[in-house]
Amino acid sequence: MELELRHLRTVRAIADAGSLTRAATALGLAQPALSAQLKRIERALGGALFVRGRHGVRATALGELVLERSRIVLPAVTELQQEAARFARAPRTARHLRLGGTHGPLLGALVDRLAGVAPDARMTTCTSWSERELAGQLADGRLDFALAGTCGSAAPPGAGGLVWREVAVDPVFVMVPGGHPLAGRPEVDLTDLAGEEWACVPGDGCFGDCFTASCARAGFTPRRMYETDTASLVHLVRVGRAVGLCRATFPTTPGIVTRPLTGTPLAWRHLLGWHGAAHLPDLTATVLTEARTAHADVAAGSDSYTAWLSAHPVPYAGGRPG
C-alpha cells in the first residue's frame with residue numbers, strides 16, 4: 001500500500017484524540033475499521049506508530065517522526081490546494097471582471113467607469129449586506145475586487161491574504177422628510193433627534209454599536225432601529241416613521257432631505273479589496289483609480305454632500321466613533 005495524505009490525516013486524528021475510540025468517532029468510522037486501517041498504514045511505514053495503554057494511545061518513536069513530518073506536509077498541501085484554486089479562478093486578463101459590493105450607488109458608478117476604460121471587458125456583479133461575506137468570496141477566488149466599508153477607522157473585513165485600500169471616507173448623514181422641522185437647517189445636532197425612531201441598512205460591522213455610543217454621548221438612547229433595504233428605508237423616512245442614517249453620497253431623492261450631523265460623530269470608510277496572490281498590478285491600479293473617481297462622481301450627485309464639501313475643503317480623515 002502506498003502512503004497517501006488521507007493516511008497522514010488518520011494518524012494525526014488518532015494522535016489528537018488520544019485513543020482509537022475517540023478518533024473513530026471524530027472520523028465517522030467504526031473502531032474495528034480504524035484499527036484495520038492503522039495496521040495497514042503501519043505495515044506501509046515499516047513499524048508501529050502507537051502503543052496502546054490503559055489511558056489510550058501514545059506515539060512510538062516512529063510515530064513521532066511521522067507526526068512531525070505531517071505537521072509540515074498537511075498544512076503545505078492544504079495551502080497549495082487553496083492557492084491553486086484561487087489561481088485557477090483568477091482572471092488572466094481584464095476581459096472578465098467579477099466585482100462585489102455592499103448595497104449603494106458606488107458599485108454601479110464603478111461599473112460605469114470601468115465600462116468606459118475597458119469597453120470589451122465582461123463584468124459581473126454581486127451585492128451583499130455583509131462585508132465579511134464579500135471578504136470570503138475574495139479569499140475563495142469567486143470575486144476579483146470588492147467594494148466594502150468600515151465604520152470610521154475600524155479594521156477591514158477579515159480573511160488572510162486580502163489587500164484593502166481606502167477609496168474615500170464620508171461623514172454619515174441623516175435623512176428626514178422634506179416637511180420635518182429640522183429639514184431647513186444646514187446641519188442637525190444629534191441631540192435634537194432624541195425622540196425619533198431610526199432606520200438604516202443592515203451590516204455586520206460595528207456601525208450599530210458606534211451609533212448607540214454617539215447617542216449616549218448626546219444624552220439619549222435610540223427608541224427603535226429598523227434595519228431594512230434601501231427602498232423600505234426611503235419609504236419609512238418619507239412617511240415620517242423614522243429618521244434614516246445614510247452615507248453622505250446618498251443621491252438626492254424627492255420628498256427627502258439629507259443633512260450632516262453637527263461635529264460629524266459618525267464616519268464611513270469606503271474600501272476596495274482584492275486577494276494579494278491573484279491580482280494583476282496594472283489592472284488593480286486601474287480599478288482603484290476608477291473607484292476613487294466613481295466616488296467623486298457619486299458625491300457630486302448629492303446636493304447636501306456638495307454643500308458640506310464646500311464648507312469642509314480639507315478631505316475628511318474620519319475616525320472611529322465610540
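Visitor: Which residues of the largest nonpolar core touch the most other members?

Guide: A word on the source before I reply: this is a predicted model, in which local features need pLDDT of at least 70 and side-chain atom pairs count only at pLDDT 80 or more, while totals for chains, interfaces and linings use all residues. Residues are numbered from 1 along each chain as its sequence is written, and side-chain values use heavy atoms, with hydrogens and water left out. A nonpolar core is a set of buried Ala, Val, Leu, Ile, Met, Phe, Trp, Tyr and Cys residues joined through side-chain atoms within 4.5 Å. Of the 24 residues in the largest one, those touching the most other members are Val-174, Leu-190, Leu-193, Trp-198, Phe-207, Phe-211 and Leu-245. Two or more residues come from each of β6 (162–177), β7 (198–200), α7 (207–217) and β9 (243–247), these being DSSP runs numbered from the N terminus (helices: H or I, at least four residues; strands: E, at least two).

Visitor: What makes Phe-173 and Tyr-305 count as buried?

Guide: Buried means under 20% relative accessible area, exposed over 50%, and partly exposed in between (1.4 Å probe, protein chains only). Phe-173 has a relative accessible area of 0% and Tyr-305 has 3% relative accessibility, so both are buried by that rule.

Visitor: Why is the pair of Phe-173 and Tyr-305 called edge-to-face?

Guide: Rings of Phe, Tyr and Trp (its six-membered ring) pair if their centres lie within 6.5 Å, and planes under 30 degrees apart count as stacked, over 60 as edge-to-face and the rest as tilted. Here the centres are 5.9 Å apart and the planes stand at 80 degrees, so the pair is edge-to-face. Because Phe-173 lies in strand β6 and Tyr-305 in helix α10 (residues 303–311), the pair ties together parts that are 132 residues apart in sequence.

Visitor: How do you know that the buried residues of α10 line one face of the helix?

Guide: In α10, Ser-304, Tyr-305 and Trp-308 are buried. Seen down the helix axis, they fall within an arc of 95 degrees (taken from the directions from the axis to the C-beta atoms), so they line one face. On the other side of α10, Asp-303 and Ser-310 are exposed.
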